[in-house]
Amino acid sequence: MTRSTRERIIDESLRLFAERGYAATSVAEIEAASGLSPGAGGLYRHFKSKYEVLAAAINEHASRTRIQVAESLAELSTMEASVDLEERLSHVCRAGLAKVREESELTRVFFRDLSQFPELVAVVREGLLQPMFDAIVTWFKAQPEYHDAQLDWAGISTVLGGSVVHYRLFQETVGELPGHAEKDQFVAAWVRLAVGLLPSPSPAPVS
């Protein structure tokens, strides 16, 4: 599918911001990467400033994430009757890993540049990060196996969701897998921990 000029500007600017940093990337470089004549002002036909391009990229990623979370929850809900719990858990974990990987460019921009733009930090927090943790809570509460588990789901989502984020961030920033654990190892351990949250069966009555 052919991208519009506006989409190219957003995509290429985020890539350049991730590679070089926001301050080190010029409007002319964004124009060149987007297929426009560098320095001719083509970017300004779509955005008022370089900051507005950054803000658009952040907001569009947040909007897309909200849609993806809703779609993922709907897809996972259709698996419930036909797929065993461990496979469902594995799917949740892998979906989370894929999402964090998808946002690798935005992650680099977030840690390098967004501290100077608190309003954009708020967009990332409310549009990308919190929806993932909220989705974990929603998903666990919807599973019949966990129906009777009276647990601190907010705390659990922080631990389980945080481990997914950390796995990818460690890989992204350090260049190695955390603990040298391959993805399949991580997913299997994540599933085992989640299965361990199941309430213990009640002891059989003594006759």
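The dialogue below goes feature by feature.

Me: What should I know before reading values?

Reply: This is a predicted model: local features need pLDDT of at least 70, side-chain atom pairs count only at pLDDT 80 or more, and totals for chains, interfaces and linings use all residues. Residues are numbered from 1 along each chain as its sequence is written, and side-chain values use heavy atoms, with hydrogens and water left out.

Me: How far apart are the end C-alpha atoms of helix H7?

Reply: Start with the naming. Helices (H or I, at least four residues) and strands (E, at least two) are DSSP runs, numbered from the N terminus. The expected span of a helix is 1.5 Å times one less than its number of residues. H7 covers residues 153-174, so its 22 residues should span 32 Å. Its end C-alpha atoms are 30 Å apart, which agrees.

Me: Which residues of H7 are buried?

Reply: The general idea comes from the helical repeat. An α-helix has 3.6 residues a turn, so residues three or four places apart point the same way. Buried means under 20% relative accessible area, exposed over 50%, and partly exposed in between (1.4 Å probe, protein chains only). In H7 the buried set is Trp153, Ile156, Ser157, Leu160, Gly161, Val164, Val165, Tyr167 and Arg168.

Me: What covers the buried residues of H7?

Reply: The cover includes helix H4 (85-102), helix H6 (118-142) and helix H8 (183-195).

Me: At what angle do H3 and H6 pack?

Reply: Two packed helices are described by the angle between their axes and the distance between the axes. Axes are lines fitted to C-alpha atoms, for helices over the stretch in contact, and angles run from 0 to 180 degrees between N-to-C directions. Helix H3 (residues 50-79) and H6 pack at about 5°, with axes 9 Å apart. Angles under 35 degrees count as roughly parallel, over 145 as roughly antiparallel, 65 to 115 as roughly perpendicular and the rest as oblique. H3 and H6 are therefore roughly parallel.

Me: Which residues meet between H3 and H6?

Reply: Contact means heavy atoms within 4.5 Å. On the H3 side, Leu54, Ile58 and Arg66 are among them; on the H6 side, the residues include Glu119, Leu128 and Trp139. Arg66 is partly exposed, at 44% relative accessible area. Glu119 is partly exposed too, at 39%.

Me: Is Glu103 buried or exposed?

Reply: Glu103 is buried, with a relative accessible area of 5%. Glu103 sits in the loop between H4 and helix H5 (104-113). Not counting residues up to four places away in sequence, Glu103 touches His61, Arg64, Thr65 and Leu128.

Me: How many residues has the largest nonpolar core?

Reply: A nonpolar core is a set of buried Ala, Val, Leu, Ile, Met, Phe, Trp, Tyr and Cys residues joined through side-chain atoms within 4.5 Å. The largest has 29 residues, and those with the most contacts inside it are Leu89, Phe140, Phe186 and Trp190. H3, H4, H6, H7 and H8 each supply at least two residues of this core. Leaving aside neighbours within four places in sequence, Phe186 is in contact with Cys93, Leu97, Ser163, Val164 and Tyr167.

Me: Which residue has a positive phi although it is not a glycine?

Reply: Most residues other than glycine have a negative phi. His180 has a positive phi of about 60°. His180 lies in the loop between H7 and H8 and counts as exposed, at 60% relative accessibility. Just after H7, Gly175 takes a positive phi of about 85°.
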